[in-house]
Amino acid sequence: MILPNLLIIAGTGNKSGKTTIACHIIRQFKQLKIVSVKITPHFHETTPGLVLISKGKGYAVYEETNEDLPKDTSRMLKAGASRVFFAKVTDESLLSAFEDIYKRIPPDVPVVCESPALRRFVEPGLFIVMISSEKDNQKDIKHLIKLPHTEYSLDYLSGNEELPVSFNSGKWSSWQ
């Protein structure tokens, strides 16, 4: 599936800056009314602000309604996303959950998605990998890094107001 209006963010470890760069991009392109998506394989207790909008075999999809909490989806909403979806999925249901979310988004609306595993199924307009400085908690995404991507680190983000990315004619791209 080729989705040029989709930007996928992955990270080489926990606390690599996936949500930080998502929020950075949402703020940078606030006028575009970006829709943000976070997909996780962890079925933990649902937090306040998440409203269940759909359930399927092996997944649940929520919409974030509270920007005042410190959780990732709230941060995305506070950064200016027009809508923020959150999905809890099994490995087998990831694509079904994303398709469930994607059908709720108007065509050509820019989408920023934090879900490394989604990259196995979808060819996005842009794929960003956040490089973690922490060596002891690395995720195994070597197979994803072989795919076309752009890399950033938290150090890069702290020194740059604008990222070298753009959204034109319904497609994310980078000039890095």
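Which backbone oxygen lies 2.5 Å from a polar atom of the side chain of Ser-74? I will come to that after a few words on the model.

This is a predicted model, in which local features need pLDDT of at least 70, side-chain atom pairs count only at pLDDT 80 or more, and totals for chains, interfaces and linings use all residues. Residues are numbered from 1 along each chain as its sequence is written, and side-chain values use heavy atoms, with hydrogens and water left out.

The protein chain has five helices and 10 strands. Helices here are DSSP runs of H or I with at least four residues, strands are runs of E with at least two, and both are numbered from the N terminus. Of the 176 residues in the chain, 51% are buried. Buried means under 20% relative accessible area, exposed means over 50%, and partly exposed is in between, with a 1.4 Å probe and protein chains only.

Now to Ser-74, which lies in helix H2, residues 72–79. Ser-74 counts as buried because its relative accessibility is 0%. The answer to my opening is Asn-66: its backbone oxygen lies 2.5 Å from a polar atom of the Ser-74 side chain. A polar contact is a pair of N or O atoms within 3.5 Å; within protein, one must be able to donate a hydrogen and the other to accept it, and residues adjacent in sequence count only if both atoms are side-chain atoms. Leaving aside residues up to four places away in sequence, Ser-74 touches Glu-64, Asn-66, Glu-67 and Leu-69. Contact means heavy atoms within 4.5 Å.

What about the rest of H2? Its buried residues are Thr-73, Ser-74, Met-76, Leu-77 and Ala-79. Their cover includes H1 and several strands, among them S2 (35–40) and S5 (83–89). After H2 comes Gly-80, with a positive phi near 125°.

Next, the helix pair. The axes of H1 (residues 18–28) and H2 come within 8 Å and cross at roughly 15°. Axes are lines fitted to C-alpha atoms, for helices over the stretch in contact, and angles run from 0 to 180 degrees between N-to-C directions. H1 and H2 are therefore roughly parallel to each other, the word for angles under 35 degrees. On the H1 side, the contact is made by Thr-19, Thr-20, Ala-22, Cys-23, Ile-26 and Arg-27. On the H2 side, it is made by Asp-72, Arg-75, Met-76 and Ala-79.

Definitions and conventions: Angles under 35 degrees count as roughly parallel, over 145 as roughly antiparallel, 65 to 115 as roughly perpendicular and the rest as oblique.
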